[in-house]
Amino acid sequence: MNAAGSRNLTELPAWQRLAGHYRAQQFDLATLFAQDPQRAATLSARCGDVLLDYSKNLLDTETLRLLIGLARERNLGDAVSRLFAGEHVNVSENRAALHTALRATSPVMLGGHDVTVDVGRELDRMRTFVTAVRGESVVADVIHIGIGGSYLGPAFAGEALPAYAEKPIRVHYLSTVDGGALQQLFARLNPRTTLVIVASKTFTTTETMANAQAVQRWLAGQLGSEHAAFTRFAAVTARPQLAVAFGIAREQVFEVWDWVGGRYSLCSAMALPLALQIGMDPFDALRAGARAADDHFRTAELDQNIPVILALLDVWYANFHRAASRVVLPYLSGFARFPAYLQQLEMESLGKRATNAGTVVGVDTGLVVWGESGTNGQHAFHQLLHQGTRLVPAEFIVACRAVHAYPEHHDMLLANALAQAEALMTGNTASEPHRACPGNRPSTTLVLPEADAFHLGMLVALYEHKVYAASVIWDINAFDQWGVELGKQLAARIQPELAPQARPGTHDASTAALIHHIKSHSGRRS
């Protein structure tokens, strides 16, 4: 860690300059646009044919200059180089974070070994498997068992890319450990035409393994033997030996590695269900789009670098304007799961209270991410955005071209997105208070030429890198998630105590009372 990276953020001269700038300014968007006719062109950036327009944000060119100065004082450029070089940027787990190697076309060395050779091998195995499954008429449904990063990315992308799903393979994502989800699946699926994928880096994830065992028992009962059941299984894991011990044939076990975090794994074999749904060629196009974003993040100047600008906007709003959340508004119905995908990517990565050095962070880190696809949100929560008292920066995502046969509907969708962003900025001057919208509400717009596989991959990678850039500014580790572990440990203690004859353990009064109440009303007898 370099000197600037280890210093308390608020002690940096760049931070002090930003704080003074914030206190001295009253940012009125209408005035800023009137004063600078070129504002939209000045406050925009491009990654290939993807446009970022951030001109409707509460800042000016001096703010941007000072934010870029903060990034430089944090040595962000060096941090980006360390990421791509395979250095151990995941300091708490002492490992690299090489998700960029999943789509690289040149060697990426880690401990003297080119990891792209391993990636290429697994991609070749995926292609053989996907081609075989899609080429036969046996598989109609896929149950993908995973949780968090093992399913959110493929589930989002599968809904976003329906035009590629030529073969009607239906993918069902089983993430919750709620038995009701199992029961519903079993009621409507034919075991003889169902393929099961178990996705877990460790192959020990409690919810995933409980669901895998339940599905295996169901298949064995329906097909007549455990052997017949296991012929319907594949796995994706960093521990293939555990998948084989579970009963899955080694040739149907696909590998990921400990240098790939689950929430960064969309370009790996974790996307096996997506590849089965859309085919390997579109999946390769998705990886190519992500690679284009990698190149942009690595080479673009900071003031033209989309992930850097998005990260600095989060810092600006979280730490100076004291915003608590950011709303993501994809005006593309297939992107309905994108806010949920970003919730894990951003909140699991940036929801940290310790610096890389182990001290307590002196500022707020991360924002609560939420949202809905347009135009649904307009009839749900946009009221709060326009007239509420909280500052909620908005992020609109649109595509110039439709991927369906109803262009007039797409024009209506685009018109609504642009109108919402404009209305947030301008507001109105109604005489009655209950009709007035104050305006001056910030928003950012990302414009894709088309919501195809290439640009979806680019979009995902831009956000991956935005998270890393923000983590460098805040001096936190974007690649661990120790806060997730505590609840898992306590759940392992509580579960056996819910059995009818089990003796209660030591808990706080509320938890003990809840356990007693649930056992008393569960209907399960000793």
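In which helix does Ile518 lie? Ile518 is part of helix H21 (residues 509-521), where helices (H or I, at least four residues) and strands (E, at least two) are DSSP runs numbered from the N terminus. The model is predicted, so that local features need pLDDT of at least 70 and side-chain atom pairs count only at pLDDT 80 or more, while totals for chains, interfaces and linings use all residues. Residues are numbered from 1 along each chain as its sequence is written, and side-chain values use heavy atoms, with hydrogens and water left out.

With a relative accessible area of 46%, Ile518 is partly exposed; buried means under 20%, exposed over 50% and partly exposed in between (1.4 Å probe, protein chains only). Together with Leu498 and Leu514, Ile518 forms a nonpolar patch on the surface, with about 260 Å² of accessible area in total. Patches are made of residues with over 30% relative accessible area and no salt bridge, like charges being joined within 9 Å and nonpolar side chains (Val, Leu, Ile, Met, Phe, Trp, Tyr) within 5 Å. Accessible areas come from the Shrake-Rupley method with a 1.4 Å probe, and for residues only the protein chains shown count as cover.

A salt bridge is a side-chain nitrogen of Lys or Arg within 4 Å of a carboxyl oxygen of Asp or Glu; the count by this rule is 24. Asp480 and Lys352 are paired at 2.8 Å, N to O. This pair links distant parts of the chain, 128 residues apart: Asp480 is in the loop between helix H19 (453-474) and H20, and Lys352 is in the loop between H16 and strand S11 (368-371). Both Asp480 and Lys352 are buried. Glu122 is buried at 4% relative accessibility, whereas Arg125 is partly exposed at 22%. In a further salt bridge, the closest N and O atoms of Asp284 and Arg127 are 2.3 Å apart. Asp284 in helix H14 (residues 280-299) and Arg127 in helix H7 are 157 residues apart.

Grid points are joined across faces, edges and corners, and a volume is the space filled by probe spheres set on the points. The largest pocket holds about 970 Å³ and is lined by 38 residues, with Lys201, Thr202, Gln481, Glu485 and Lys488 nearest its centre. Helices H10 (206-223), H16 (338-350) and H20 (483-497) each supply at least two lining residues.

Four cavities of 30 Å³ or more are present. The largest cavity has a volume of about 60 Å³, and H15 gives the most to its lining, with three residues. The second largest cavity, of about 40 Å³, has Glu122 and Glu255 among its lining residues. H7 contributes the largest share of that lining, four residues.

Methods
On a 1 Å grid over the protein atoms alone, a cavity is a set of points where a 1.4 Å probe fits but cannot get out, and a pocket is an open set with protein on both sides within 12 Å along at least five of seven lines; lining residues have an atom within 4 Å of a point.
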